[in-house]
Amino acid sequence: AAVLVTVAATAHDKRFPKPTQCRVHKIATKDVMELNIWVLLHTIPTVIVLRHTAGAMFDFRVTDVGYNFTMQDHNCQSLGYDGLAVVSTPEALEYANKISYYTRIVRKREMYVGNHFHLDTNEHLWDDGTVMTSDTPIDVAYIDQPYTRLKTTGTFARGRGTGIQLGLCGN
């Protein structure tokens, strides 16, 4: 057993103290882990995630406010990111789909990513300058449109960029 002093922050679960209470509890180690996980899930308002996968580091964040493509890119920059996320590898797409699952599946929201048409090169490029590979899962409808978004299905689609969507920010 462990002794745990709890000062609740935003707890609304009847199993844990109310926000203004401070108590000393003698609880099992399993319960400490459960409390730590509960506090983590209920006190962090947005998901900011770093993950190391196959030698690559992904730093993605799903925004919580919708804008058009250009404004969403500026929004990501104002949040400290390089801009919209470069999701140019299968590993990056897998990770983007994992962290955006709630937004895409439960909230049924799509999000802009950092891939758009560049007039100077006359091609769609990721914001790091790489070309979207031929095996990238993208909907062929509106393929000639300039801006790219991650659909609720976890694949990409293109559009005019004027619709109000969330964004997937990245470094």
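**A conversation about the predicted model**

Reader: How many helices and strands are there in the protein chain?

Author: The protein chain has four helices and ten strands. Please keep in mind that this is a predicted model.

Reader: And what pattern does the chain follow along the sequence?

Author: Reading along the sequence, one finds β-β-α-β-β-α-β-α-α-β-β-β-β-β.

Reader: What share of the residues counts as buried?

Author: The protein chain comprises 171 residues, and 39% of them count as buried. As for the surface, the chain exposes about 10300 Å², with carbon and sulfur atoms supplying 58% of that area.

Reader: Changing topic: how many disulfides does the structure hold, and which residues form a disulfide?

Author: The structure holds one disulfide. The partners are C76 and C169, with their sulfur atoms 2.1 Å apart. The pair links distant parts of the chain, 93 residues apart: C76 belongs to helix α2 (residues 69-78), and C169 to strand β10 (residues 166-170).

Reader: Is that link left-handed or right-handed?

Author: The link of C76 and C169 is left-handed, with -80° about the S-S bond.

Reader: Are C76 and C169 buried or exposed?

Author: Both C76 and C169 are buried.

Reader: What else lies in strand β10?

Author: G170 is one of the residues in strand β10. G170 counts as buried because its relative accessibility is 4%, and the cut-off for buried is under 20%.

Reader: Which residues does G170 touch, leaving out those up to four places away in sequence?

Author: G170 touches D59, F60, Y81, D82, G83, L84 and A85.

Reader: Now to charges. How many salt bridges are there?

Author: The count comes to three salt bridges. One of them joins E94 and K98, whose closest N and O atoms are 3.2 Å apart. Both residues lie in helix α3 (residues 90-99), four residues apart, which is about one turn of the helix.

Reader: Why do E94 and K98 count as partly exposed?

Author: E94 counts as partly exposed because its relative accessibility is 41%. K98 counts as partly exposed because its value is 47%.

Reader: Which side chain does K151 meet in a salt bridge?

Author: K151 meets D139, at 3.0 Å from N to O. K151 lies in the loop between β8 and β9 (156-159), and D139 in the loop between β7 (123-126) and β8, so the pair ties together parts that are twelve residues apart in sequence. K151 counts as buried at 16% relative accessibility, whereas D139 counts as partly exposed at 29%.

Reader: Finally, which residues form a nonpolar patch on the surface?

Author: Y101, Y102, I105 and V106 form a nonpolar patch, with about 420 Å² of accessible area together. Y101 lies in helix α4 (residues 101-106).

Terms used. Residues are numbered from 1 along each chain as its sequence is written. This is a predicted model: local features need pLDDT of at least 70, side-chain atom pairs count only at pLDDT 80 or more; totals for chains, interfaces and linings use all residues. Side-chain values use heavy atoms; hydrogens and water are left out. Helices (H or I, at least four residues) and strands (E, at least two) are DSSP runs, numbered from the N terminus. Buried means under 20% relative accessible area, exposed over 50%, partly exposed in between (1.4 Å probe, protein chains only). Accessible areas come from the Shrake-Rupley method with a 1.4 Å probe; for residues, only the protein chains shown count as cover. A disulfide is a pair of cysteine sulfur atoms within 2.5 Å. Patches are made of residues with over 30% relative accessible area and no salt bridge: like charges are joined within 9 Å, nonpolar side chains (Val, Leu, Ile, Met, Phe, Trp, Tyr) within 5 Å. A salt bridge is a side-chain nitrogen of Lys or Arg within 4 Å of a carboxyl oxygen of Asp or Glu. Contact means heavy atoms within 4.5 Å.
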